[in-house]
Amino acid sequence: MTVRVPKQTDEQPQRRADALAELQSTLARAGELLLSLEQSARRPGPGPTSVNELQDRLNDVVQDRDELSRRLAEYEQQTGRLMNLYVATYQLHATLDPGEVQSTIAEIATNLLGAERFALLFWNADGTQCEIALGQGLSQDSSGFYPAGKYAGGDPAVDATLTDGVLRMGPIDGSEAVAVVPLTVQGAVVGALVILKLFEHKAMLRSEDRELLDLLAAHAASALFAARVYHQTDRKLKTLESLIQLVKRG
Amino acid sequence: MPPRKVLIVDDSKLLHRMFEMMLRQYPLVHAYDGKEALERLGENGDVDLVLLDMNMPRMNGLELLEAMKADARFKKIPVVLVTTEGSEEQTQRGLEAGAAAYVKKPFRNEELIAVVQRLTGSAA
């Protein structure tokens with residue numbers, strides 16, 4: 001739309017000329033306003049297309065939020081698993097008392113893995129007999145593999161792990177074990193942790209438990225070995241000190 | 001709101017270490033059996049929550065819970081049983097004795113933290 005504005009002439013009286021100038025200015029402003037409105041009317045408004053775009057963007061935001069929530073939950077679980085591994089490792093190496101190291105192994109088995117019945121086996125000095133260094137719930141074990149503080153042999157999974165040092169998780173044909181964790185020191189198998197039964201509320205070992213079992217295989221035996229060596233050395237040192245005292249008194 | 005103080009009662013050093021890592025936002029008090037826990041409660045009048053194991057030497061979790069509920073100073077402190085005793089009977093006994101919640105070991109860390117946050121009214 002356009003607005004026609006009459007031209008000013010010289011012969012018009014001053015008052016009329018002023019009024020005409022004002023009218024011209026007003027009409028010019030009105031023309032600008034109309035032009036602006038025409039341009040606005042030609043621009044696309046918030047029609048169905050824009051609503052769809054907004055809906056799509058909202059859906060994207062919702063999907064991003066859900067993805068972030070899922071990743072946060074995964075991150076929290078991973079952090080929890082790493083924390084358990086850290087605490088287990090820390091505690092295994094926090095003492096040089098063999099009894100305390102054994103207790104820590106038992107606590108990891110019970111509190112972190114959910115083992116209700118288990119046996120910690122170590123080969124004796126001459127490697128002829130596997131002794132039960134620590135056991136829990138073995139009085140209720142009916143397999144007959146663990147009589148009188150010794151492993152009698154015969155469980156195929158335990159026998160295999162004691163031989164080849166490979167971690168095994170059940171179910172395994174012919175075996176009572178839920179998991180058999182090799183205990184190695186400098187590549188030599190010195191024993192095994194045999195998990196025979198889990199608590200009722202823990203149906204099975206989960207994938208994250210595998211990390212803990214690997215940790216036990218790597219750290220438990222070396223921690224216990226170091227503690228035993230320290231204990232023996234300390235005992236010998238004290239014996240020598242006592243002898244020296246006796247000699248001095250004599 | 002000031003940080004809420006939590007008393008850990010468990011005979012496992014491993015568990016104490018785990019709780020230290022998990023509940024770093026909270027001031028913690030440690031006890032390794034029920035009798036020691038009663039001493040710690042007497043010394044710390046501002047304990048807001050107790051995480052309690054069931055099987056402990058000297059005084060077990062259930063005995064400590066009963067002792068707390070019989071003492072006017074401690075009976076309002078919420079107690080969470082954290083234990084391997086997973087049977088329904090054990091759960092029921094703990095709840096009847098006045099436990100506010102029951103978490104079975106092994107637990108997922110976020111599960112225990114959620115219970116602590118709920119009972120202390122705090123977000124870690």
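In what order do the six strands of the open sheet in chain A run? The order is S3-S2-S1-S6-S5-S4, and the pairing is antiparallel. A word on the source: this is a predicted model, where local features need pLDDT of at least 70, side-chain atom pairs count only at pLDDT 80 or more, and totals for chains, interfaces and linings use all residues. Residues are numbered from 1 along each chain as its sequence is written, while chains are lettered from A and ligands numbered from 1 in the order in which they are written.

Terms next. Helices (H or I, at least four residues) and strands (E, at least two) are DSSP runs, numbered from the N terminus. Strands pair if DSSP finds at least two bridges between them.

Chain A, then. The edge strands are S3 (150-151) and S4 (168-169), and each pairs on one side only. Further in, S1 (residues 115-123) pairs with S2 (residues 130-136), antiparallel, over six bridges. One position to look at: A:Ala119 has A:Gly135 in S2(A) as its bridge partner.

Helix H4 (residues 156-164) of chain A packs on this sheet, touching S2, S3, S4, S5 (179-185) and S6 (188-198). Contact here is C-beta atoms, placed from the backbone, within 7 Å. The direction of H4(A) makes about 155 degrees with that of S6(A). For such angles, axes are lines fitted to C-alpha atoms, for helices over the stretch in contact, and the range is 0 to 180 degrees between N-to-C directions.

Now helix H3 of chain A, residues 98-112. Its 15 residues, at 1.5 Å each, should span 21 Å, and the end C-alpha atoms are 20 Å apart, so the two agree. The expected span is 1.5 Å times one less than the number of residues. Buried residues of H3(A) include A:Val101, A:Ile105, A:Ile108 and A:Leu112. Buried means 20 or more other C-beta atoms within 10 Å of the residue's own; exposed is 12 or fewer, partly exposed is in between, and C-beta atoms are placed from the backbone. After H3(A) comes A:Gly114, with a positive phi near 80 degrees.

Two backbone details in chain A. The peptide bond from A:Gly170 to A:Pro171 is cis, omega near 0 degrees. A:Pro171 sits in the loop between S4 and S5. A:Ala148, not a glycine, has a positive phi near 50 degrees. A:Ala148 counts as exposed because it has 6 C-beta neighbours inside 10 Å.

Over to chain B. Its open sheet has five strands in the order S2-S1-S3-S4-S5, with parallel pairing. S2 and S5 (101-104) of chain B are the edges. S1 (residues 5-9) and S2 (residues 28-31) of chain B share four bridges. There, B:Ile8 stands opposite B:His30. The chain goes from S1(B) through H1(B) to S2(B), a right-handed β-α-β crossover. Right-handed means that, with the strands pointing away from the viewer, the path from the first strand over the helix to the second runs clockwise. H1(B) lies across S1, S2 and S3 of chain B, at about 175 degrees to S2(B).

Chain B also has a cis bond, between B:Lys105 and B:Pro106, with omega about -5 degrees. B:Pro106 is in the loop between S5 and H5 of chain B.

Last, the interface. How many residues of chain B are in contact with chain A? The count is 17, against 18 residues of chain A. Helix H1(B) gives the largest share of the chain B side, seven residues.

Technical notes: Two residues are in contact if their C-beta atoms, placed from the backbone, lie within 7 Å.
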